[in-house]
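User: I am new to this structure and would like to go through some of its side-chain contacts. Please take them one at a time.

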Amino acid sequence: MAAPPDNDVLWARGLHYSYGGSPALQGVSLGVRAGEIVSVTGPRGSGKTTLLSCLSGQLTPHDGEIWFNSVPLHTLGRAARERLRRDRFGWVGSEPQLVPELTAWENAALPLLLCGIGHRAARKTAREWLDRLDVGECARKRPAALLQSERQRVAIARALAPAPAILFADEPTAPLHQLERAQVLRTLTTAARSHDITVVLTTHDAAVSRPTMPPADPHATDGTTEADAADAAGTMLADRVLTLVDGRLNGLVATGPGDARGGGEDDGDGGGDGPGGAGDDDSDGSDGSDSKGAACSLSV
């Protein structure tokens with residue numbers, strides 16, 4: 001078993017996973033550096049959810065390796081994986097899963113409270129994150145009184161509040177309107193960078209992860225420059241964008257502020273393959289698939 005590279009906080013090689021004999025992951029390999037934001041794009045059903053579930057320890061791959069720092073995630077038992085998810089990982093799904101009896105701030109503070117943070121400190125942190133995500137006025141409301149987009153923002157605040165080492169976000173903007181998607185992703189990625197949180201997110205809308213810079217008007221008379229146009233559009237949200245198509249990880253699509261690092265080159269051991277089309281669901285078939293309900297888990 002080869003040791004993972006020293007500069008990768010998350011490293012996977014040759015991942016395979018199948019649902020009832022239908023292949024979902026077929027030899028995907030990738031590495032993610034500490035503090036990096038990586039977006040995995042592709043159509044619905046391309047296996048993005050299966051990939052994130054394996055990387056985050058919710059599913060155990062049928063073959064292959066996953067390392068978090070020096071921890072071999074693929075060899076850990078269920079209890080050890082749940083502890084790692086509780087203490088070091090965050091999760092945002094495409095549907096907000098909030099506790100209906102709790103208010104928005106209590107939901108956002110839940111991981112902190114379950115991990116022993118004092119009530120006052122947990123409340124302060126939770127409300128700060130709700131304010132950042134523009135739902136501070138909803139702090140005392142219960143989920144039933146919130147719009148779908150507001151519930152999703154609360155779920156994102158809950159995932160970011162404990163400042164996890166890695167945040168896994170599976171279609172985090174799916175419940176949002178088009179105009180809200182870029183704003184929420186910009187808030188999420190900016191907060192992650194400011195807190196040195198590594199992010200691996202999936203989306204079927206590549207434009208959400210990689211905003212287009214509008215060209216400067218060469219005939220502008222108001223002094224607008226190309227740099228001004230770039231500033232107005234904002235910087236690229238992800239450091240790298242990888243694509244899954246028909247179950248294959250095609251590799252580097254675009255590069256951003258970070259180093260250009262391919263995630264899908266074929267190195268002879270299956271490194272160029274990726275999640276398959278049958279895996280973008282929450283199907284059973286893994287001893288880790290029921291770990292989403294663990295106490296203090298950020299995916300609750």
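User: Which backbone atom does the side chain of serine 29 reach at 2.9 Å?

Analyst: The model is a predicted one. Serine 29 has its place in strand β2, residues 22–33. At 2.9 Å, its side chain reaches the backbone nitrogen of glycine 14.

User: Is serine 29 buried or exposed?

Analyst: Buried means under 20% relative accessible area. Serine 29 has a relative accessibility of 9%, so serine 29 counts as buried.

User: How many salt bridges does a search of the whole structure find?

Analyst: A salt bridge requires a side-chain nitrogen of Lys or Arg within 4 Å of a carboxyl oxygen of Asp or Glu. Arginine 240 and glutamate 36 meet in such a bridge, at 2.7 Å from N to O. For the whole structure, the search finds seven.

User: How many residues apart in sequence are the parts that arginine 240 and glutamate 36 tie together?

Analyst: The side chains of these two residues meet in a salt bridge. Arginine 240 lies in strand β9 and glutamate 36 in the loop between β2 and β3, so the pair ties together parts whose separation in sequence is 204 residues.

User: Which residue forms a salt bridge with arginine 193, and is that residue buried or exposed?

Analyst: The closest N and O atoms are 3.3 Å apart, and the partner of arginine 193 is aspartate 239. Arginine 193 lies in helix α6 and aspartate 239 in the loop between α8 and β9, so the pair ties together parts that are 46 residues apart in sequence. Arginine 193 counts as partly exposed at 35% relative accessibility. With a relative accessible area of 4%, aspartate 239 is buried.

Note on methods
Residues are numbered from 1 along each chain as its sequence is written. This is a predicted model: local features need pLDDT of at least 70, side-chain atom pairs count only at pLDDT 80 or more; totals for chains, interfaces and linings use all residues. Side-chain values use heavy atoms; hydrogens and water are left out. Helices (H or I, at least four residues) and strands (E, at least two) are DSSP runs, numbered from the N terminus. Buried means under 20% relative accessible area, exposed over 50%, partly exposed in between (1.4 Å probe, protein chains only). A polar contact is a pair of N or O atoms within 3.5 Å; within protein, one must be able to donate a hydrogen and the other to accept it, and residues adjacent in sequence count only if both atoms are side-chain atoms.
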